[in-house]
Amino acid sequence: MSSAEAGPPVASVVAEELRGRVEPPWEVFGERAQHFEIHLNGPSVEMVRGPIALTGYGIRLFRPREKVMGVGFSAGSDTAPASIGRLVAGAEANARYSSFPSSGVNLPSGNGGAHPGAELIDRRLWADPTTALSDAVESLLHLLEGRPGIAPSFGSLRASLVHTSIANSTGLARSYEHTVVDSEVAVKAFGGPEGAAPGEYWVNRRDRQLPTEAFRGEVDGWCDRAERMRRADSPPNGAFPVVLPPPVLVDVLPAILGFRLSGAARLRKVAPAVGSRIGVDSLTISDDGQLPFGSGSAPFDDEGARTSRHPLIRAGVVAHLLYDALHSAAFDSPHTASAWRAPAFFSSWFHFPFAPQPACSNLVVEPGTGGSDAELIEGIDDGLWVDQLGYAFPDPLSGAFGGEIRAGYRIRNGKLAEPVRGGTVGGPLVAGEGEPSFLSSIGAIGSHPTLVADLVCPPIRFNGVSVAGA
Amino acid sequence: MHSLRDAEADLRTALLHVEPRTRYVEVMAERSRGLRVRLDKNATVPEATPHLAGAVFRAWDGNRWVETATTGLEGASLEKAALALRERLPSTLGERAPPGDAASHKADRSTRVGRPPSELPVDARVDYARTLHQWGLATPGIENVFVAVEDREDERFFLSSAGANIHQRITRVRGSVAPLALENGKVEYDFLVVGAAGGLEVLDELTQTNVTESARTALALLQAKSPPTGQMPVILDSGTTGTFAHESFGHGTEADQLLRDRSYLKPILGEVVGPESLTIVDDGAYPRGWGEIFFDDEGHPAQKTVLVDKGRFVEVLHDRESAAAMGRRPTGNTRRADFLSRPFVRMTNTYVEPRDFSLEELVQEAKDGVLLERATSGIEDPMGGNMQLKVKRGRRIVRGELGELLPSMALSGRVLDFLKAIKGVGRREYFTSDSGYCGKGHTDILPTGTGGSYLLSEAVVGPA
């Protein structure tokens with residue numbers, strides 16, 4: 001999808017209708033996307049989808065009343081003037097009954113294109129999505145061929161080519177292009193030995209690029225895990241040192257810290273105070289909206305403010321909270337370009353139907369002194385390495401998470417030992433002062449971080465984790 | 001556009017572009033409308049359901065299904081999507097017909113609504129939400145109460161080259177109240193959710209008594225100690241039983257997974273899996289079920305399918321393809337999350353039928369274990385046959401009596417072991433039908449109903 005095919009930015013088209021007719025302040029977020037999918041049934045292609053053509057926009061109006069702000073939001077897909085008019089009318093009606101505790105809103109202003117350095121596009125995918133996606137699938141299936149007792153059972157590759165645009169009543173007009181790739185692959189191990197049930201390793205990942213090279217490097221590990229899980233025992237029951245690698249932490253840290261370290265949490269008195277201790281001394285975490293190929297990266301947030309990097313936790317102490325336009329006005333705090341649109345519990349490849357909330361973009365956990373994966377577990381007599389949870393079910397409000405161990409290993413005498421599966425691991429990631437939590441129980445942070453979706457992080461060893469086994 | 005039927009001419013014109021290149025083509029147009037009000041101490045947020053409308057086209061290319069979709073229902077958008085689909089199809093028809101039976105029903109159906117959601121426009125809805133909020137705040141010590149009241153009408157119109165012409169409107173209403181308690185940085189909450197297909201009468205179950213009880217529980221949870229861990233007797237409350245039926249068992253009965261050899265249940269179809277007291281059903285026509293549909297997204301009528309009949313695993317859920325492969329008939333379980341998503345075999349309303357026991361009898365039988373309450377989530381493991389459920393709270397069971405309140409827990413174990421260990425199913429008086437959202441994996445989220453009564457078995461419990 002070239003910029004020419006895309007047409008004028010959706011937000012600009014809608015903003016043109018609003019300018020001079022709708023009282024400021026207001027804002028428009030627009031998306032124009034083409035989406036493609038290939039679905040697998042075993043080693044065969046079961047379904048091909050695309051192009052799925054999507055155009056949509058969300059309008060927000062801000063109507064100050066005494067000491068509160070009425071905020072009206074409407075979203076739709078029809079850019080005809082009459083339809084825009086209906087959405088505006090709906091937003092005005094909603095604004096009358098809405099209230100937010102702020103007398104102002106710090107909408108960003110300015111124009112311009114993308115920041116240099118924020119790599120967000122798979123160029124080959126952008127130029128020829130059908131062929132690029134098909135080639136990626138073929139490459140994946142080829143990697144899984146010729147492995148006795150191993151086969152893909154279920155999966156899909158889904159790619160979105162998105163043109164995002166933002167405009168507001170200050171005259172801001174910004175847009176950028178990006179690609180999103182969601183991969184889901186289940187690898188099954190079957191056949192002998194006698195009596196062992198089939199095993200499966202289920203990969204779910206989000207990238208900016210087709211992960212063809214990543215698959216090349218990882219597929220042996222998937223197959224190995226699928227096979228090992230056939231012989232997996234139940235984990236032990238009790239308190240143990242547990243190592244959680246980035247593919248597990250990516251489902252926990254952004255969801256919980258992205259809310260609890262935000263202006264929205266501060267408004268509800270569930271954010272830790274800046275300057276309070278939240279974790280061990282070795283824990284330093286930043287929010288970085290410019291991370292190359294981070295799935296949370298963008299040159300601007302979803303209100304059009306330029307993104308950058310902010311420290312959130314420094315040596316275990318809360319350094320900063322995340323603010324969008326409304327919350328920064330409510331607390332008279334600087335805007336951190338942290339306005340993001342997303343559904344509450346699941347990810348989506350389009351965002352215009354959702355009003356923005358303050359949240360993290362990408363989290364970067366500073367590497368520690370724990371060394372390599374092998375060095376990280378050297379000092380553990382009896383513990384667990386959890387490779388994968390069924391799902392961590394992070395609860396941003398309570399700060400807790402927990403899930404079934406889908407794939408893991410016992411650690412014995414400083415080395416990975418027998419595979420384990422089943423049972424649960426979890427608890428509070430963050431807690432009140434003096435209460436036990438995962439962040440206050442960190443034993444060591446590895447020295448080699450990797451990027452997984454919107455998290456850069458090494459594996460982390462946590463002490464005294466409650467594991468429920470048979 | 002008053003109804004999606006107004007787009008029929010354009011939809012048929014679009015189909016005509018595709019028909020010469022395929023043995024079968026269908027289109028589903030969809031749009032949604034509704035209103036949600038969210039409210040807490042700090043903000044009041046009324047939001048209309050996004051005005052999203054569009055259509056998805058599906059055709060058989062001789063070997064597989066091919067789809068395109070578009071936002072917008074005007075002729076130009078539909079034609080563009082149809083032509084893009086045609087480009088994907090071979091120029092000759094090919095010999096292989098699409099699998100399974102094509103539906104050809106003609107129907108126009110709508111949810112039976114007692115009090116229409118339009119009777120509660122935004123101002124009245126905000127007032128109603130404030131009332132729920134005040135009920136919760138009236139309990140001393142409650143810091144905040146999160147309230148959400150929403151309605152949503154999902155309208156779908158399905159046409160096919162086999163002659164199907166099906167128009168349906170499903171109206172769903174849902175309300176939730178979550179009182180929040182804080183103490184020294186510790187955050188706890190409880191919640192109530194009511195949801196069903198229907199009108200505002202669905203919200204009548206949100207009473208001041210229920211909200212007050214929930215607020216008191218949120219406060220009590222601040223003092224709750226960590227739950228026990230390990231294998232033990234567990235009693236699932238009605239909501240958790242329903243979540244179990246859906247997540248842990250139901251996903252394994254989606255026949256597309258059987259065809260992929262990705263269901264732990266496939267080898268045991270026809271066998272006894274649990275006690276005679278166990279019957280598990282999926283029913284798209286369950287009265288007021290949150291997962292109600294009249295026809296699925298291949299045009300087959302929704303129906304009641306008994307999956308486990310008095311302990312024996314007897315049937316699975318089919319789309320046209322799996323039904324043809326397994327010599328069965330479609331069961332009305334092909335669903336798309338929306339017009340932007342592909343169809344899969346999906347559940348509708350999945351529940352465990354109630355039986356004989358009182359809660360007291362089950363607690364006495366359990367002796368020492370936990371009662372799990374307020375299911376929050378679950379995830380399927382159709383290949384491995386393990387289960388993962390999460391609850392917001394529970395109660396310890398000590399020497400056959402209910403004891404202290406416990407905070408959130410996760411439940412795991414092997415589903416087949418859990419079924420075999422079922423010792424009792426609760427009576428109809430405890431049965432509830434609940435509302436939730438389900439993904440096929442981590443995507444394609446759609447509304448599904450669950451239901452059940454209390455159920456006693458054994459599983460692994462841990463903190464969550």
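Guide: Start with β2(A) and strand β3 (residues 68–76) of chain A, which run antiparallel and are joined by 9 bridges. Strands here are DSSP runs of E, at least two residues long, and helices are runs of H or I, at least four long, numbered from the N terminus. Two strands pair if DSSP finds at least two bridges between them. This is a predicted model, in which local features need pLDDT of at least 70, side-chain atom pairs count only at pLDDT 80 or more, and totals for chains, interfaces and linings use all residues. Residues are numbered from 1 along each chain as written, chains are lettered from A and ligands numbered from 1 in written order, and side-chain values use heavy atoms, without hydrogens and water.

Visitor: How many bridges join β1 to β2 in chain A?

Guide: β1 covers residues 26–41 and β2 residues 44–65 of chain A, running antiparallel. A33(A) stands opposite L54(A) in β2(A). Their hairpin has 2 residues between the strands, and G42(A) takes a positive phi near 65 degrees. The bridges between β1(A) and β2(A) number 15.

Visitor: Which strand of chain B does β2(A) join?

Guide: The two run parallel, with 5 bridges. R49(A) stands opposite E67(B) there. The partner, residues 65–71 of chain B, is β4.

Visitor: Which strands stand at the edges of the open sheet of 6 strands in chain A?

Guide: The order is β11-β10-β9-β14-β21-β20 (chain A), with mixed pairing. Each edge strand has a single partner, so one side of each is left without a neighbour in the sheet. The edges are β11 (317–318) and β20 (450–452) of chain A.

Visitor: Which residue stands opposite L451(A)?

Guide: β20(A) pairs with β21 (residues 455–457) of chain A. The sense is antiparallel, over 3 bridges. In β21(A), the residue opposite L451(A) is V456(A).

Visitor: Is T424(A) buried or exposed?

Guide: T424(A) lies in β18 (residues 424–428) of chain A. Leaving out residues up to four places away in sequence, it touches residues of both chains, including G403(A), S466(A), A410(B) and P463(B). Contact means heavy atoms within 4.5 Å. Buried means under 20% relative accessible area, exposed over 50%, partly exposed in between (1.4 Å probe, protein chains only). At 0% relative accessibility, T424(A) counts as buried.

Visitor: Why is helix α8 of chain A largely enclosed by the rest of the structure?

Guide: Helix α8(A) spans residues 253–260. Its buried residues are L253(A), P254(A), I256(A), L257(A), G258(A), F259(A) and R260(A). The helix is largely enclosed because the buried count is 7 of the 8 residues.

Visitor: What radius of gyration does chain A have?

Guide: Chain A holds 11 helices and 22 strands. Of its 470 residues, 61% count as buried. The globule rule, 2.2 Å times the number of residues to the power 0.38, goes with a radius taken over C-alpha atoms. A compact globule with 470 residues would have a radius near 23 Å, and chain A agrees, at 24 Å.
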